[in-house]
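Hi everyone, thanks for coming. I'd like to walk you through a structure that may be new to you, so please have a look at it with me.

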Amino acid sequence: MAWTRFAKKKDMPGGLWIKCESCGAMLFRKEFEQKNRVCGTCGYHFTLPGRERIALTADHGTFVEMWTDLQPVDRLCFNDKVLYSEKLKATQAKTGETEAMIAGTANIKGIPCVLGVMNFAFLGGSMGMVVGEKIARCIEHATEKGLPVVLFACSGGARMHEGAISLMQMAKTCGALAMQNRKGGISISVMTHPTTGGVTASFASACDLLIAEPGALIGFAGPRVIATTIKKELPKGFQRAEFLLEKGQIDRIVPRSQMKDELARLLAYATGRDPVAAYKPQAVAAEPVIEVPPLPLSEEEPEPKSKPKRKKGKQG
Ligand SMILES: [Zn+2]
């Protein structure tokens with residue numbers, strides 16, 4: 001029909017498809033969610049919301065959230081077009097979270113640990129007084145209870161709205177790590193896309209083991225700022241996880257699909273817990289293996305065959 005020539009090109013049905021930020025492929029949202037927000041075409045790891053990260057990492061039903069009463073305060077009455085206090089209220093309403101950090105205790109394949117996850121959806125996962133305090137408490141709690149601590153970083157850096165208060169979180173979190181180290185505790189940092197600024201420059205790089213997700217941007221100042229400052233073209237892959245592994249800044253790169261297994265393996269090694277009881281490796285080949293009844297010593301719940309359920313409410 002003639003009129004179709006003038007009709008506006010129909011957009012993709014709202015939310016059904018999403019475009020990969022890296023390769024531009026159109027991804028069917030349902031499939032994309034099933035792959036835990038990893039592009040099926042190029043393997044690009046999209047930023048994962050904090051709650052989804054916990055559901056993917058902690059054994060089902062074991063995460064007990066702590067320090068939920070900590071609330072950010074606008075000490076400087078900071079105003080950048082919008083008052084920081086107003087921005088906080090709006091972000092809390094939008095995300096349903098009080099801050100950019102979700103922390104508590106959990107089991108990873110049967111091994112108890114303290115788990116802290118940064119939530120990028122909350123003001124770019126920026127580290128202010130509450131985020132820094134929660135991280136410090138995670139580490140201190142781990143030290144006190146003799147538990148390993150696992151921290152997932154995903155942040156634009158220190159929160160400028162809190163000025164020097166946000167910067168002192170860098171020293172505070174590193175201080176807590178030093179204390180934990182002295183007591184023989186173990187800390188694992190998982191740097192996800194993006195981990196930048198004061199977060200990279202503090203606890204995220206100061207843990208015993210530094211893991212990154214593939215392709216994650218990890219750095220202090222952004223690549224554009226550096227290129228402009230030094231007036232030189234940056235090397236290929238600069239500040240990406242693979243580049244940093246090659247230069248020795250991180251210990252390993254672990255794809256999201258293998259993260260839980262790898263964390264369990266490392267925690268088992270670090271804590272000396274029976275890795276057979278704690279760690280049940282998934283099939284090396286892509287094909288599923290025959291289900292074996294759990295050993296008497298194995299974790300309480302067998303690894304679900306399907307991916308963990310999504311859209312879960314707050315746990316614990
Ligand atoms: Zn892609």
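Let me begin with a term we'll need: two strands pair if DSSP finds at least two bridges between them.

Some housekeeping. Residues are numbered from 1 along each chain as its sequence is written. This is a predicted model, where local features need pLDDT of at least 70, side-chain atom pairs count only at pLDDT 80 or more, and totals for chains, interfaces and linings use all residues.

How confident is the predictor? pLDDT is its confidence in each residue, from 0 to 100. The mean pLDDT of the protein is 87, with 82% of its residues reaching 70 or more. Over residues 297–305, however, the pLDDT is below 50, and this stretch has twelve contacts in the model beyond near neighbours in sequence. By contact I mean two residues whose C-beta atoms, placed from the backbone, lie within 7 Å. Residues 307–316 also have pLDDT under 50, and the model gives them 16 contacts beyond four places in sequence.

Now the overall picture. The protein has eleven helices and twelve strands. Of its 316 residues, 40% are buried. Buried means that 20 or more other C-beta atoms lie within 10 Å of the residue's own; 12 or fewer makes it exposed, anything in between partly exposed, with C-beta atoms placed from the backbone. Among contacts with a separation of 6 or more, 65% come from residues 24 or more positions apart.

Let's follow some neighbouring strands, starting with β6, residues 101–108. β6 pairs with β7, residues 111–118, in the antiparallel sense over eight bridges. One of the pairs puts M101 with M118 of β7. The two strands form a hairpin with two residues between them, and K109 in the turn has a positive phi of about 50°.

Why is β7 described as largely enclosed by the rest of the structure? Because eight of its eight residues are buried. In a regular strand the side chains alternate between the two faces of the sheet. In β7 both faces are covered: I111, C113, L115 and V117 are buried on one side, and P112, V114, G116 and M118 on the other.

Next comes β8, residues 149–155, which is also largely enclosed, because seven of its seven residues are buried. Here too both faces are covered, with V149, L151, A153 and S155 on one side and V150, F152 and C154 on the other. β7 and β8 pair in the parallel sense over four bridges. L115 stands opposite V150, and G116 opposite L151.

How does the chain get from one to the other? β7, α4 and β8 make a right-handed β-α-β unit. Right-handed means that, with the strands pointing away from the viewer, the path from the first strand over the helix to the second runs clockwise. From β8 the chain then crosses through helix α5, residues 163–182, to β9, and this crossover is right-handed. β8 and β9, residues 187–196, run parallel and are joined by six bridges. V149 stands opposite S187 in β9.

Let's stop at S189, found in strand β9. Is S189 buried or exposed? It counts as buried, because it has 26 C-beta neighbours inside 10 Å. Leaving aside neighbours within four places in sequence, its contacts include L151, A153, F203 and C207. L151, for its part, touches G116, I135, C138, S189, F203 and C207, not counting residues up to four places away in sequence.

That brings us to the core. A nonpolar core is a set of buried Ala, Val, Leu, Ile, Met, Phe, Trp, Tyr and Cys residues joined through C-beta atoms within 7 Å. The largest one has 60 residues, of which C113, L115, V149, L151, A153 and M191 touch the most other members. Helix α4, residues 129–145, gives the most to this core, with eight residues.

One last stop is α10, where R256, M259, L263, A264, L266, L267 and A268 are buried. After α10 comes G272, whose phi is positive, near 75°.

Note on methods:
pLDDT is the predictor's confidence in each residue, from 0 to 100.
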